[in-house]
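Subject: Handover of a structure and findings

Dear colleague,

Please find the structure below, together with its sequence. My notes on what was found in it follow directly after.

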Amino acid sequence: MKDLLDIRDLRVNFMTEAGIARAVDGIDVSIAPGQTLAIVGESGCGKSVTSRAIMGLIQPPGWIEGGEIWFAARQGPTDLAQLPPNGRQINAIRGSEITMIFQEPMTALNPVLKIGAQIMEPLLLHEKISKSEAKERAIASLAAVGISSPGQRFDEYPHNLSGGMRQRAMIAMALVCNPSLLIADEPTTALDVTIQAQVLDLMKDLRRDFSGAIMFITHDLGVVATMADHVMVMYRGKVVERAAVRDLYRHPLHPYTQGLLRSVPSIAGRGAKRLATIEGSVPRPTERIRGCAFAPRCPHAMPVCKQDTPALAPVQQDHRAACFLHHAVAEEQAHAA
Amino acid sequence: MQPDVLLQVTGLRKHFPTRSGLFHTGSAVKAVDGVDLTIKAGETISLVGESGCGKSTTGRSILRLIEPSEGEILFRSRAIGGSSETLVNVATLSSSQMKLLRREMQIIFQDPYSSLDPRMNVADIVGEPLRIQGVLTRAERRDRVIHLLEAVGLGGDHAKRFPHEFSGGQRQRIGIARALALTPRFIVADEPVSALDVSIQAQVVNLLQDLQAEMGLTYLFIAHDLSVVRHISNRVAVMYLGRIVEIGSSKAVFSRPQHPYTEALLSAVPIPDPDSARARIRLHGDVPNPSAPPPGCPFHPRCSYATAQCREQVPALRDAGPDQQASCHRIEELTLAGINDH
């Protein structure tokens, strides 16, 4: 196993009043060590559910319907999808080898515990070190994320910190055990733009020293362009396109990706008076759709799109799209190879 | 007041008292601290700035959804004083006059989930302003509601459904239809697309622009997304700690900012282009506590260009180019970076 994470045909369902919602509907994801992969998509596309499945955080009314989540753990390759939700094995990995940063630091931090105690917690839980060593490393971690006077902040409560500082503290907590995979779920969405810029700069700086991989979940195409090496676009529980970041922005292949990129207004004031839109809205997650889920909104939809579901296939080297418009190209390439 | 001006705000202040202890009343949070704003008929002017800068409080104070502490809000009203235009000071109107004024001034809210009553159907939600004002008969009201729903891109067959049956984008269309029910001239749009996904956001931005062209609306657009602001506005006002620090045509403010805060704000926006290489102005620290703003220029603790003068004297908003004003002591000396085509 050369990838750090290798997800195969993952399916996650939720039981709702309206029936079964296929939140993640058969996706493959691989992340190489040290890579930063951004998962983008709009609300309900399944990006956050994917991250929660990796962390073993899918709880009723949701369940993992099928698929494998192979992770190169220190103990050897492990299929996280097979581990019992609160068992010893997942607890050993979660919070130490795989950690997570959430969107709302105020809800992710415990309001009645001091910042320092919260950062020491994963260390004391996962590593055989003394309390004083843990404190030392927690303070070093606070300093590494740019918190001034970390020794003093160690003894403060989350409400004493500003939003940006809380997000830094959460990053410090996520990195203190040196994880091999860091999942960042909309880590800057709740922050103001100048504070977001500080946190993104920090994450970029940390990436130079941090040897682990980052899975960056966001809806913001600007943030993706600044942070990621590779991008995966999700729509209605499926991956519709995956490429290196430059290829995706320069030559988006899937009509959904093209539509998304076009509907962002230009801050330079370029572009038409009217914004390009993707007509209609995302079908409800409980709705069963035959063929490509994007076909009802797609300006290029063909009869085949309403019959069959396109697979995610390579169109160019390292650039995959799940779209019949590109399948002829994909097939030719497969024959040549 | 110039004939093309619809609304003119002078010296608007809103101070919220804070309690620092059980028996001590503390200092006031100066959420809006002396805002002057002139809005021309038919234009879109945007208020931008970070959380707590006072942009929403300004918008709501103008509508008197929040009572302003001080200031004058002159509005060219048609509803008050018969059919001819009358200049009224919104800040001093009686509640019965305010009710009449609501026909001309409306608001669109950010969150399409909390701003619609879940127990009312769409026809009742959109028709409620008409019912309260008592301007139409029941049958006329029904026709008007269907017309409004069609104007915002929904069908008349949606009238009997309830908010939970709609997506976020559709709910925002319902909120827009309600705001338009009384054919207002002036609309405060408070982060109307912030809660929407990007593809839906584009649909709603286009709708707002189409309605403006059709109905001659004037928008005060409150937003933190600078790309949307650049797209939709004729003019932009940048707020920091309750004050306007820069105002001008959106082209001028975005391409040639004259206040260091505007420069930093623009440089912080992540551009959806992996090859966009920009020098980012790193702003250190956070926005200061608005109950204890720093002396001198309120931005000086975070400003990399600050001098001794900035730490002592409050800069006034002054001309900084054609159709552009900024409150900075160093306008003439500094050349700040804007957003350029790249």
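This is a predicted model: local features need pLDDT of at least 70, side-chain atom pairs count only at pLDDT 80 or more; totals for chains, interfaces and linings use all residues.

A disulfide is here a pair of cysteine sulfur atoms within 2.5 Å. A:Cys323 is buried, its relative accessibility being 8%. In chain B, B:Cys328 likewise takes part in no disulfide; the nearest cysteine sulfur belongs to B:Cys310 and is 6.2 Å away. B:Cys328 is buried as well, with a relative accessible area of 8%.

Salt bridges

Side chains of opposite charge can pair when their charged atoms come close. How many salt bridges does the structure hold over all chains? The count is 26.

One of them joins A:Lys238 to A:Asp25, with 3.0 Å between the closest N and O atoms. A:Lys238 is partly exposed, at a relative accessible area of 26%, whereas A:Asp25 is buried, at 17%. Both residues also belong to a network of salt bridges that links A:Asp9, A:Arg11, A:Asp25 and A:Lys238.

In chain B, B:Arg235 forms a salt bridge with B:Glu43, the closest N and O atoms lying 2.8 Å apart. This pair, too, links distant parts of its chain: B:Arg235 is in strand β9 (residues 235-240) of chain B, while B:Glu43 is in the loop between β2 (25-40) and β3 (44-48) of chain B, 192 residues apart. Are the two residues buried or exposed? Both B:Arg235 and B:Glu43 are buried.

A further salt bridge in chain B is formed by the side chains of B:Arg64 and B:Glu67, at 3.2 Å from N to O. B:Arg64 is buried, with 16% relative accessibility, and B:Glu67 is partly exposed, with a relative accessible area of 43%.

A sheet in chain B and the helices on it

Chain B contains an open sheet of 8 strands with mixed pairing, in the order β6-β7-β8-β3-β9-β10-β12-β11. Its edge strands, each pairing on one side only, are β6 (105-108) and β11 (318-321) of chain B. On average, neighbouring strands of this sheet are turned by 25° against each other, direction ignored. β6(B) pairs in the parallel sense with strand β7 (residues 186-190) of chain B, over 4 bridges. Within that pairing, B:Gln106 has B:Ile187 in β7(B) as its bridge partner.

Helix α6 (residues 198-215) of chain B packs on the sheet, where it touches β3, β6 and β8 (218-222) of chain B; the direction of the helix makes about 155° with that of β8(B). Helix α9 (residues 260-268) of chain B also packs on the sheet, touching β9 and β10 (243-249) of chain B, and its direction makes about 100° with that of β9(B).

B:Asn206 lies in helix α6 of chain B and is buried, with a relative accessible area of 4%. Which residues does B:Asn206 contact, leaving aside its neighbours within four places in sequence? Its contacts are A:Arg274, A:Leu275 and A:Thr277.

With kind regards

Methods. Residues are numbered from 1 along each chain as its sequence is written. Chains are lettered from A and ligands numbered from 1 in the order in which they are written. Side-chain values use heavy atoms; hydrogens and water are left out. A salt bridge is a side-chain nitrogen of Lys or Arg within 4 Å of a carboxyl oxygen of Asp or Glu. Buried means under 20% relative accessible area, exposed over 50%, partly exposed in between (1.4 Å probe, protein chains only). Helices (H or I, at least four residues) and strands (E, at least two) are DSSP runs, numbered from the N terminus. Two strands pair if DSSP finds at least two bridges between them. Axes are lines fitted to C-alpha atoms, for helices over the stretch in contact, and angles run from 0 to 180 degrees between N-to-C directions. Contact means heavy atoms within 4.5 Å.
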